[in-house]
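Have it open while you read, as the points go residue by residue.

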Amino acid sequence: MCGIMGYNGSKNAIPIVIKGLKSLEYRGYDSAGIAYFFNEKIKIIKEKGRISELEKLLNNDNSNLCIGHTRWATHGKPSKINAHPHMVGRVTLVHNGIIENYKELKDNLEKEGYSFKSETDTEIACSLIDSIYKKNNDILETLEQIQTILKGSYAFLIIFQQDKNIYALRKGSPLVLTQNELGTFVASDIPAILEYSKKFYFLEEGEVAKLSKESITFYSKKNIINKKYNTFNYDLTTAKKNGYSHFMLKEIYEQPKVVKEFLDYYFENFKLIPDISKYKKIQIVACGSAYHSGLVGSYFIEKYGHIEVQSYVASEYRYKEKFIDKDTLVILVSQSGETADTIASLRLAKEYQATTLGIVNVIGSTIARECDEVIYINAGCEIAVATTKAYTLQVLTFSLIAYKLGVIKGNIDNNLKDKIKTDYLKLPQYIDDLLKLDYNNLTNKIYSKKNVFFIGRQLDYYSCLEGSLKLKEISYIHSESYPAGELKHGTISLIEEKTPVVSIVTDEKICEKSISNIKEVKSRGAYVLLVKKSNILVDDSAYDDKIEIPNTFDLVSSILTIIPLQMLAFNVSFKLGLDIDKPRNLAKSVTVE
Ligand code: M6R
């Protein structure tokens, strides 16, 4: 939800900030803007649309200090006037987050004589800062005071007229900083500043950072503090397209490699997979695809660990009646580690003294830092808004947790243990094989349809949820996922001639039931695409097209079933000529509630 970037140093800051913003565009892309010092004055250039639109307005100005923003609209529609930066009096800023008490602040500021050009909460925050700064003329004191007044979430980069520094502060939304011989850098996420250093500072809530041309000074309650930097050896290539047309396609094709690396690493260091056998109650909390991985996780843990698990959507979990205590394990799943509702759920779980375990991709992110224990999935940078490789690795993480649990609890004996391990070791090759299939024919059957249904039972239903989300978020085709047995309770009335129904069947124990459901939709005219395990036999007349995945244990097949559905979603969106990496209305990282 919005990407922000700032640079102060010896080089021309404008191209540096524009480049950084481009790598943050996955966080929001409905308008963009920059502010920089030019002839001792602050100049703002902003535009509706992508950063490429903003670039058309740039001239040859040269400035050593610049802040920039790429927006995902919250308050006020995407427009030039609502785009950031906002300037009020001596204060200019960019903001990622939502100011919740903006209405009350606005009323007070109007009484002071402020008026507002935009519909944004950000302009109100900017006016508040100007108002306080006018009274005390003390930047650090002003920034301390606003933190006690503002409610909601924010990451601000602020510049003040006649002060050649960038000030950064945050609550909820992330900020990462670095410096080198060229100057100082600050951004919402590491890819924007990755090429300048491998050492990063994470700004904590309540801290203020002052970025001069040469150095970064950190303050807590106006006192200078020393902060340790974190060193990460990020692989720069994961943040680039490397010859692929789209980040999503590249990330789909990276799966055999990241899965292999993940398995090699965690089998080598098996003690890093947590032993969760002592918990009587486990709750999994996440959003979107991460939530779907949690559903798969709950199935695995219940099946192999015989522990009851509840999975929750984080935005619901945080407001429901809580049944958490110190003996509860709460697992938070998040690619970005910055999803607002998941962070809030984590903090709630900690308030109730539960043990918290994060399954996270982004190293050093808020969820990774705040959980008692963290498993990094090590997917590398995932840029496409639609997650693929991170989802796969989240499922694989749960798979290994359940595998270990099953072994510890004696539910997986030695013979079975080895057989499952053999499946794991073949997984990268199996994924590769599925990526090589030709998806053109299937794409043609689906891309022009208005509705697509996904059906499956148990584990297959959870994969259907993910397949359906993948398709709808990037193709804008309405799609729904149903437990196969539930169709007859209403939804089957929507099936008409050629309605696509994607059906997953991998569980030998209940496959007959699923096949009956497939026949029910087929006999009502549906076009059925069947994704099944090779050992499960299905009458040819029950489906139109099929994709077979190898006969493996469910700890592995649950990963294989999603691969063709990712490919299908990508190909449908591609055929429709849509912006696959940046689907409308979405952003990669949902840092607001
Ligand atoms: O960064 P997170 O894993 O916490 O993000 C959760 C969801 O926002 C995310 O999975 C979203 O559903 C994706 N767009 C799905 O492709």
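1. Serine 289 first. Setting aside neighbours within four places in sequence, serine 289 is in contact with Thr387, Tyr391, Gln394, Glu466, Leu469 and Lys470 (contact means heavy atoms within 4.5 Å). Bear in mind that this is a predicted model, where local features need pLDDT of at least 70, side-chain atom pairs count only at pLDDT 80 or more, and totals for chains, interfaces and linings use all residues. Residues are numbered from 1 along each chain as its sequence is written, and side-chain values use heavy atoms, with hydrogens and water left out.

2. Serine 289 sits in helix α8, residues 288-305 (helices are DSSP runs of H or I, at least four residues, numbered from the N terminus). Serine 289 counts as buried because its relative accessibility is 7%, and buried means under 20% relative accessible area (1.4 Å probe, protein chains only).

3. Now the ligand. There are 14 residues around it, and Ser334, Gln335, Ser336, Thr339 and Glu473 come nearest (a residue is near if one of its heavy atoms lies within 4 Å of the molecule).

4. Lysine 470, one of the contacts of serine 289, has a polar side-chain atom 2.9 Å from an oxygen atom of the ligand. For serine 334, a polar side-chain atom lies 2.6 Å from a ligand oxygen atom. With glutamine 335 it is a backbone N or O atom that lies 2.6 Å from an oxygen atom of the ligand. A polar contact is a pair of N or O atoms within 3.5 Å.

5. Helices α8 and α15 (459-475) are the elements that give two or more residues to the shell around the ligand.

Note on methods. Buried means under 20% relative accessible area, exposed over 50%, partly exposed in between (1.4 Å probe, protein chains only). A polar contact is a pair of N or O atoms within 3.5 Å; within protein, one must be able to donate a hydrogen and the other to accept it, and residues adjacent in sequence count only if both atoms are side-chain atoms.
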